[in-house]
Amino acid sequence: MTVLERAPELREVGAGLTLMANSLRALDSLGLGPALRSSAHAEAPGGIRDRRGRWLSRVDAAEMIRQLGTSALGIHRATLHRILREALPASSLHTGAEVEHVESEPDRATVRHHGPDGPRTLDADLVVGADGLHSRLRTQLWPEIPAPVYAGSTAWRAAVAFPDPIPTAITWGPAAEFGMVPLGEGQVYWYAALNAPPGGHAPDELAAVRDHFGAWHEPIPALLAATPPGVVLRNDIHHLATALPSYVRGRVALLGDAAHAMTPNLGQGAGQAIEDAVVLGAACSGGAEGLPAALAAYDEQRRPRSQAIARASLRAGRYGQQLRNPLALAVRAAALRLIPAGAVLRGMTRQVDWRPPTG
Ligand SMILES: Cc1cc2nc3c(=O)[nH]c(=O)nc-3n(C[C@H](O)[C@H](O)[C@H](O)COP(=O)(O)OP(=O)(O)OC[C@H]3O[C@@H](n4cnc5c(N)ncnc54)[C@H](O)[C@@H]3O)c2cc1C
């Protein structure tokens with residue numbers, strides 16, 4: 001197994017991430033559970049608030065843990081990367097290796113890539129395209145699928161030192177959302193999302209977040225005050241609006257954002273990538289002989305679920321972060337206050353109560 005990564009070196013990337021029961025069970029099946037749990041923070045999910053900090057909806061965290069058998073974890077992306085990387089034989093990972101072209105034949109595939117030592121070609125039984133939102137493999141092998149589209153929102157995020165205890169929670173305002181996730185060891189991951197035209201950039205992104213969210217309830221102003229300038233990441237949110245008809249073409253399989261880039265509203269993009277990887281690994285465990293059947297099984301198991309979650313995430317964004325109309329906002333707030341706690345929990349657990357294949 002050979003991993004080709006175009007980044008010249010693996011550095012601290014991104015901010016934080018929530019891993020829910022589905023991703024945790026998948027990572028448990030790879031034997032990574034203990035390392036994850038000792039390096040992350042067990043979340044106490046709070047719920048949804050309005051800009052003044054009033055709770056619109058609360059989550060019964062104890063009942064959630066009882067039903068799912070685990071809490072969710074808040075984890076820094078760099079920590080998750082480290083744990084995954086340490087589980088790989090070091091010789092299998094090649095950085096600074098940019099894949100340029102993949103050729104799929106009925107019983108093999110070739111990969112042309114460019115690394116520190118110049119161009120190289122590899123022969124493979126199977127190529128797994130895990131090359132993200134703007135996947136080159138998807139563009140090459142699924143040329144009929146249009147590029148990802150802008151979802152209408154831009155998002156800022158940062159991981160900051162913040163020792164005060166806080167619950168995992170999101171806050172909604174008109175066409176805006178602020179989320180906070182404790183990562184343990186005095187670190188908090190926050191993100192802020194706003195409806196905006198695509199391609200916007202501010203000379204000082206932290207000041208842009210403060211302009212919009214600085215007067216929202218505590219601890220939002222305190223979190224922003226604790227954020228050093230220069231650590232804030234900004235990304236426009238894109239998603240793959242045209243669903244792939246298959247995640248497999250010949251001896252190439254796509255997974256993660258390459259296969260089903262979704263909006264982050266359900267916090268399931270990385271979770272679905274992890275599920276894909278574990279299902280693909282289990283399907284292919286018989287070796288090269290049975291690959292066509294294994295890849296068909298992978299596609300059959302993964303495509304319906306991951307595409308349904310992508311659609312649900314888009315809907316969650318439209319009725320959550322992106323909602324702007326004042327009347328609709330008032331109706332939403334009233335409706336959220338009326339929904340019984342059990343129904344809130346069922347809505348949350350429906351998507352994440354997934355188990356990896358056994359064996
Ligand atoms: C604001 C925001 C918040 C999010 N929050 C969450 C969350 O809380 N929970 C969650 O589960 N998800 C979240 N997501 C989504 C999550 O980040 C993605 O779904 C996830 O990173 C996808 O993983 P991936 O491995 O498929 O792709 P990526 O993480 O994009 O990784 C692709 C890798 O391929 C490499 N690569 C690309 N092209 C080539 C090439 N030609 N040759 C060699 N290497 C290449 C890249 O360098 C990169 O390392 C969020 C996303 C955003 C934008």
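**Terms and their grounds**

Author: Thr171 stands opposite Phe178 in E14. The model is predicted, so to speak of local features pLDDT of at least 70 is needed, side-chain atom pairs count only at pLDDT 80 or more, and totals for chains, interfaces and linings use all residues. Residues are numbered from 1 along each chain as its sequence is written, and side-chain values use heavy atoms, with hydrogens and water left out.

Reader: What makes E13 and E14 a pair?

Author: Two strands pair if DSSP finds at least two bridges between them, a strand being a DSSP run of E of at least two residues and a helix a run of H or I of at least four, numbered from the N terminus. Strand E13 (residues 168-173) and E14 have five bridges, in the antiparallel sense, so they pair by that definition.

Reader: How many bridges join E14 to E15?

Author: Eight, again in the antiparallel sense, with E15 covering residues 187-195. Ala176 has Leu194 in E15 as its bridge partner. Two residues separate E14 and E15 in a hairpin, where Glu185 in the turn has a positive phi of about 50°. E13 and E14 also form a hairpin with two residues between them, and there Ala175 has a positive phi of about 55°.

Reader: Why is E14 called largely enclosed?

Author: Buried means under 20% relative accessible area, exposed over 50%, and partly exposed in between (1.4 Å probe, protein chains only). Nine of the nine residues of E14 (residues 176-184) are buried, so the strand is largely enclosed by the rest of the structure.

Reader: Which strands stand at the edges of the open sheet?

Author: The sheet has three strands in the order E11-E18-E17, with mixed pairing. E11 (127-129) and E17 (248-249) each have a single partner strand, so one side of each is left without a neighbour in the sheet. E17 and E18 (residues 252-254) pair in the antiparallel sense over two bridges; Val248 has Ala253 as its bridge partner in E18.

Reader: Which residues touch the most other members of the largest nonpolar core?

Author: Leu19, Leu36, Leu244 and Tyr298, out of 41 residues. Such a core is a set of buried Ala, Val, Leu, Ile, Met, Phe, Trp, Tyr and Cys residues joined through side-chain atoms within 4.5 Å. Another core, of 20 residues, lies apart from it, and Val188 and Val209 are among its members.
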